[in-house]
Amino acid sequence: MIISLRDTADRLMAANSFVLTSHVNPDGDAIGSCLGLKFILESLGKKVQVLIDDDVPKFLSIMPGLDEVKKPVEDHYDADYLVILDACLDRVGTVPEKCKAPVLNIDHHGTNDNLADYLYLDADSAATAEIVYRLAKAMGIKFDKDSATAVYIGLATDSGYFKYSNTTPQTMRAAAELLETGIQPEKISEAIETKDFAVVQGLAKALQTVELYADGKVAGIFLDYELTSSIETTEGFIDLIRVIDGVDISVVLKAVEPEVCRVSMRSKETDVSTLALRLGGGGHKRAAGCTIKLPFAEAKNCLIDEILKAIED
Ligand code: 5GP
Ligand code: MN
């Protein structure tokens, strides 16, 4: 059932205990939204657990409260609501099996499947963290440095530090208000963007795989299983090819298992969310992703076919 922001805030205020979760392969918005909402709800005296069915990437080490992000190791978790942030039910691993509470879903992905008991969806928000910011306002909560840092990281990472097309005056106003708490944006971006030397060496190897298609409108980095296994993270790699002159769609395909490939896509014109949906994934018009359960070479062919069809449309 689709609900309003007001109804979402009222439900959060009326309940006492929550399990908060987000998608596997968590990013700054997933963790920032969960921890931001955790701090906000705890300031109202509520009991909150954050469960993520995956490892939290190293680049998010600056996030306050990270020690309280747990994996769902128990068989059963009690709560008044299971709150799913920045994802729909199908991308949160085993958490819904282990927490049978009514599902309150808060998301900004237009491709959300609307299967939760309650859904607040705003595809015009740059980040789910922007919705968390508005929920805090609706609940009359003031930000402190911890909640501001978590929400700011969600806003900043999903908007490419306020430069992607999802950045709106509301995004900037929210960020400005969060900075009023005294948090330092340069410290946050430095911590998030710092890479181990080995990752930069991996980046050099990845860049050697760049191929162009469709007269240069498509650029891709293609990492087979061996290469993927030798690189700790591919975070940010896609940003280095989306800048190639004339490129509309950029893509990173990596074989995370011998027969499982992860795909990240970005675009300037073509709607990559519908393209990702066709491949069983989802996302936004300008940033989307999917998992293709095929060996590397087949997954690559399948992906290129779909991209070329989308470019022709
Ligand atoms: P990224 O390339 O940064 O992993 O993802 C880009 C956007 O697409 C993010 O908003 C992310 O949540 C979404 N996305 C990535 N992979 C998937 C997927 O497999 N399924 C769905 N529904 N969304 C995805
Ligand atoms: Mn997001």
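What follows is a chat about how the labels on this predicted model were assigned.

Reader: What are the ground rules here?
Author: Local features of this predicted model need pLDDT of at least 70 and side-chain atom pairs count only at pLDDT 80 or more, while totals for chains, interfaces and linings use all residues. Residues are numbered from 1 along each chain as its sequence is written, chains are lettered from A and ligands numbered from 1 in the order in which they are written, and side-chain values use heavy atoms, with hydrogens and water left out.

Reader: Okay, why is Thr149 called buried?
Author: Buried means under 20% relative accessible area, exposed over 50%, and partly exposed in between, using a 1.4 Å probe and protein chains only. Thr149 has 10%, so it's buried. Its place is in helix α5, residues 145-158; helices are DSSP runs of H or I with at least four residues, strands are E runs of at least two, and both are numbered from the N terminus.

Reader: What is Thr149 in contact with, leaving aside neighbours within four places in sequence?
Author: Pro64, Ile183 and Ile188. Contact here means heavy atoms within 4.5 Å.

Reader: And Ile2, buried or exposed?
Author: Exposed, because its relative accessible area is 55%. Ile2 sits in the segment before α1 (5-14). Not counting residues up to four places away in sequence, Ile2 still touches Asn114 and Leu119. From Ile2 to Gly220, 218 residues along the chain, the C-alpha separation is 37 Å.

Reader: How do you know which class Arg6 falls in?
Author: Its relative accessibility is 41%, so Arg6 counts as partly exposed. You'll find Arg6 in helix α1, touching Met13 and Ala138 once residues up to four places away are set aside. Arg6 and Met139 are 133 residues apart in sequence, yet their C-alpha atoms are 8.8 Å apart.

Reader: How do you know that the buried residues of α8 are on the same side?
Author: In α8 (197-207) the buried ones are Val199, Gly202, Leu203 and Ala206. They cover an arc of only 105° around the axis, which puts them on the same side of α8. That arc is taken over the directions from the helix axis to the C-beta atoms. The face turned away from the buried side has the exposed residues Phe197 and Ala198, and β8 (218-223) is among the elements covering the buried residues.

Reader: How does the length of α11 agree with what it should span?
Author: The expected span is 1.5 Å times one less than the number of residues. For the 17 residues of α11 (296-312) that should be 24 Å, and the end C-alpha atoms are 24 Å apart, so the two agree. Its buried residues include Leu303, Ile304 and Ile307. Asn301 and Glu312 are exposed on the face turned away, while the partners of the buried residues include β7 (211-213), β8 and β12 (287-292).

Reader: What makes a residue a donor of the manganese ion (ligand 2)?
Author: Donors are N, O and S atoms within 2.8 Å of the metal (3.2 Å for Na, K and Ca); water is not among the atoms, so sites may look incomplete. Asp29 (OD), Asp86 (OD), His108 (NE2) and Asp158 (OD) lie 2.1 to 2.3 Å from the ion. Along the chain, their spacing reads D-x56-D-x21-H-x49-D. Asp86 and His108 are both buried.

Reader: Which residues come nearest to ligand 1?
Author: Arg91, His109, Arg262, Ser264 and Arg266, of the 13 around ligand 1; near means a heavy atom within 4 Å.

Reader: What is the distance from an oxygen atom of ligand 1 to the side chain of Arg91?
Author: An oxygen atom of ligand 1 is 2.8 Å from an N or O atom in the side chain of Arg91. For His284, the side-chain value is 3.2 Å.

Methods. Polar contact = N/O pair within 3.5 Å; in protein donor to acceptor, adjacent residues only side chain to side chain.
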